[in-house]
Amino acid sequence: LREIAMPHDLEGLKVVVTAGPTREKIDPVRYISNNSTGKMGYAIAKVAMMRGANVTLISGPTSLAKPRFVDAIDVVSARDMYEAVVEEAKDADIVIKAAAVADYRPDTVADEKIKKKDGDMSISLERTDDILASLGANKSDKLFLCGFSMETENLIENSRKKLDKKNLDMIVCNNLKVAGAGFGTDTNVVTLITKSDIKELPIMSKEEVASKLLDEIMALRK
Ligand code: CTP
Ligand code: CA
């Protein structure tokens with residue numbers, strides 16, 4: 001009933017949400033990834049859909065069931081995610097980048113399984129493209145761009161830098177060292193930063209964080 005009673009204030013808006021980790025291949029059986037489970041992004045996609053938006057969820061590999069009534073696009077690598085997001089952002093009103101995108105990938109992918117040898121090995125990595133920064137650099141007036149930020153120290157200062165550098169309208173900051181926040185949990189503790197404001201939210205479920213985040217975005221779009 002709570003779900004039916006939600007306002008339909010996002011009716012007619014296209015919302016693109018990214019979620020989950022990316023995987024960067026080393027060889028046919030191995031990859032580099034991270035601890036993202038996708039829960040935060042999936043919660044945002046679900047709540048935006050329930051509030052009437054046309055939602056596209058671009059997701060890295062997760063074990064979660066897709067929320068109903070969203071257009072889902074599955075991707076694996078940071079490069080796949082880049083291509084999907086740039087395409088879907090073209091006619092979007094709001095892009096929310098909750099995904100934990102790899103910053104580096106192996107500079108070559110071995111065709112065959114790498115066999116172990118005596119002694120240590122090292123893998124050479126190259127930078128991936130920053131999807132948000134690229135969207136921010138080509139941003140139209142219509143588009144509201146929201147990033148996420150994961151930090152273990154200097155949360156506010158580092159997140160503000162990301163907001164400016166990537167030309168974002170808002171950044172949702174996660175302190176990985178706070179209990180009930182971050183990867184895998186059903187709750188989150190976040191701070192919302194915009195160019196002119198900073199709002200610390202108390203611990204709440206990821207769906208409640210999604211609601212507050214969408215409230216804030218809708219207030220700022222007016
Ligand atoms: N992001 C992105 N493309 C990348 C890396 C990150 O779009 N190649 C986005 C993430 O989806 C997130 C935001 O940028 O919304 C911030 O990610 P985060 O890892 O916190 O910051 P980085 O800018 O990658 O900096 P660092 O990891 O060094 O803190
Ligand atoms: Ca990063």
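Two residues are in contact, or touch, if their C-beta atoms, placed from the backbone, lie within 7 Å. This is a predicted model, in which local features need pLDDT of at least 70, side-chain atom pairs count only at pLDDT 80 or more, and totals for chains, interfaces and linings use all residues. Residues are numbered from 1 along each chain as its sequence is written, while chains are lettered from A and ligands numbered from 1 in the order in which they are written.

**View 1. Lys 162 and its contacts.** Leaving aside residues up to four places away in sequence, Lys 162 touches Gly 147, Ser 149 and Ile 171. With 20 other C-beta atoms within 10 Å, Lys 162 is buried (20 or more count as buried, 12 or fewer as exposed, and anything in between as partly exposed).

**View 2. Lys 113 in its loop.** Look for Lys 113 in the loop between strand 7 (104-106) and strand 8 (125-127). Lys 113 is exposed because 11 other C-beta atoms lie within 10 Å.

**View 3. The shell around ligand 1.** Here 14 residues surround ligand 1, and the closest are Lys 97, Val 101, Ile 131, Leu 132 and Gly 147 (a residue is near a molecule if its C-beta atom, placed from the backbone, lies within 6 Å of it). Helix 3 (131-137) and strand 9 (144-151) are the elements that give two or more residues to this shell. Strand 9 gives the most, with four residues.
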